[in-house]
Number of protein chains: 2
Amino acid sequence: MKLSDAGELSLLEMLRKRFGKKSAAVSLGIGDDSAVIRPRNSHLLLTTDMMVEDVHFDLSWTTPFQLGFKLVSVNVSDIFAMGGDPGFLLLNFSAGRDATLAFFDGFFDGVETAMKKYSISLIGGDISSSEKVVLSATVLGYAGKYLSRKGARPGDRIYVTGHIGDAACGLRLMKTIRKKVAIELGRKHQFPLPWEVASPLIERHLMPAARDPHSFKKKATSMIDISDGLMIDLSRLCKESEVGALVYTDKIPLSDELERAASYLGLSPLELALGGGEDYELLFTAPAAEKVNACCIGEIIKTGLFLVDEEGQKRIAPIKGYQHFKL
Amino acid sequence: MKLSDAGELSLLEMLRKRFGKKSAAVSLGIGDDSAVIRPRNSHLLLTTDMMVEDVHFDLSWTTPFQLGFKLVSVNVSDIFAMGGDPGFLLLNFSAGRDATLAFFDGFFDGVETAMKKYSISLIGGDISSSEKVVLSATVLGYAGKYLSRKGARPGDRIYVTGHIGDAACGLRLMKTIRKKVAIELGRKHQFPLPWEVASPLIERHLMPAARDPHSFKKKATSMIDISDGLMIDLSRLCKESEVGALVYTDKIPLSDELERAASYLGLSPLELALGGGEDYELLFTAPAAEKVNACCIGEIIKTGLFLVDEEGQKRIAPIKGYQHFKL
């Protein structure tokens, strides 16, 4: 069944039935001109992101479920990056007239799974038609005390919450495999890497989970989520904090899967970690005296951005990462 | 100069300089992972809308200024439709790599003009690249007491805040003129209607201003903004309120320009008003005893949706209006 057979009003009605169950804070959810909530007496955090087919995702390797999950996660990651608790979601969904109801349902299954994971409510949004799939989401959250990119001080340690480079490697893996499949068309396709190596990397790209900072946020002095690349995002944090940083390259946590897949691809796992992007791990700073349950990769200095290798050799860090409107 | 020459970071920097001036309620504006505000102890209203090139607008007849203005207006209209005061804006902008800086600047000139008109602050958003221009906005507002689509009671009068059908006629006018221009290619093009007739209709389509309900909102029992069409939006209000309505067709305010242009197009001005859409006038109900500064077009009854003509003939109202995913 196609979306054009269902009609916009009945799609909205389906969403309303599915997501209409309100939390106590929601006075009015889906179905009016605006949603209405009673905000807490706290800082209100707001973030929004858009995802466009063939720019941010490729439907030939992303399932609608993964897409729905990722759209919510990348926005929740921005709330977590401020030390906040996510609470509410607004969502715009647009797809071609030939899109199927199965696509729509799969997408909202992914959205719902993420909503449950992060304990948030869908309170509004819109459905429309477009040539390609276009999605945008806005997430609201609260923070008694919020963390910004500003606040890192010389002497602070720099931490990340998990493996870096996995998502970027997963993306390159998919591109390479597709190329191979295209070349080998007609021959029986052999998956070129053990599935248990490729799978976590690809999954980290397709449906990243956002990292909740609750265990360390009270100790952190500044924070950002790694969306465009470790070094470009660290440079943003440093710029706002008016400081510099040393990153010890051998301290950057790289997964075994990344090492193996990068070797297969002929790429440097370290380069993937430094500039790959879409990690959705949190990058934060905390005073050296604080014990923090995360991986220390460097320290804040007064000025400059440097990489230090395992032999202690120091070099100016290249600031690489994904930028729209840049080649 | 192209956006790809400027780069995403410098575009964001431009926006930050331009819109960074905060209102007192904004703790953190553009430039971090999330925006931060201190919400009022009041109902918080939230609405979001997406606009996609060649679906919601056509760059061959919309200027970037008009587009920016309209994107903000249609979202503010949803806040006004709840009886709220708009306060904050988040915005996602995406365009092709060949888009010019002039387009970007023109768009944000339109956004800024609307922001000043509605006294709202831009607090966040994102910039990315895409094949076509894709825009989304989220607007937040406050209401001590909000109005929903629910609340109309039999005996209430039905009001609209201004001329209906102008925007729909403006759109059809542009389509027809384009066709004519295409046919008459090579000949000197004569604009087929006096400019003072066509201009307000076209402008109402391209850059509608949202209607502020402050003068009557305390008296209203229910409200909606007319985005998809008078009758379809009235039917939505009736459905939520569990009532019916009589609409007196000779009471629907039609502009002289609409009458003249519809005659030129060979269309019925009434049909354009009933089902045209994109009016962005407010449609609301109020008790018969209340004096209200708006145009009364009918009354709420127990059930059914009817049109009554100037001779008192009553007929079941066709529910027409724009629906995505419907032909």
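This is a predicted model: local features need pLDDT of at least 70, side-chain atom pairs count only at pLDDT 80 or more; totals for chains, interfaces and linings use all residues.
## The antiparallel partner

Strand 4 of chain A also pairs with strand 6 (residues 134-143) of chain A, this time in the antiparallel sense, over nine bridges. To find this pairing on your screen, look for A:Asn92, whose bridge partner in strand 6 of chain A is A:Ser136.

Is strand 4 of chain A largely enclosed or open? Strand 4 (residues 85-95) has 11 residues, and 10 of them are buried, so the rest of the structure largely encloses it.

## Where the two chains meet

Now to the contact between the chains. Chain A and chain B each bring 57 residues to it. On the chain B side, strand 3 (residues 43-52) of chain B gives the largest share, with nine residues. Sorted by class, the chain B side holds 25 nonpolar, 21 polar and 11 charged residues.

Strand 3 of chain B also pairs with a strand of the other chain: strand 2 (residues 35-37) of chain A lies antiparallel to it, with three bridges between them. A handy place to start looking is A:Ala35, which stands opposite B:Leu46 in strand 3 of chain B.

Terms used. Residues are numbered from 1 along each chain as its sequence is written. Chains are lettered from A and ligands numbered from 1 in the order in which they are written. A residue is buried if 20 or more other C-beta atoms lie within 10 Å of its own, exposed if 12 or fewer, and partly exposed in between; C-beta atoms are placed from the backbone. Helices (H or I, at least four residues) and strands (E, at least two) are DSSP runs, numbered from the N terminus. Two strands pair if DSSP finds at least two bridges between them. Two residues are in contact if their C-beta atoms, placed from the backbone, lie within 7 Å. Ala, Val, Leu, Ile, Met, Phe, Trp, Tyr, Cys and Pro count as nonpolar, Asp, Glu, Lys and Arg as charged, and the others, Gly among them, as polar.
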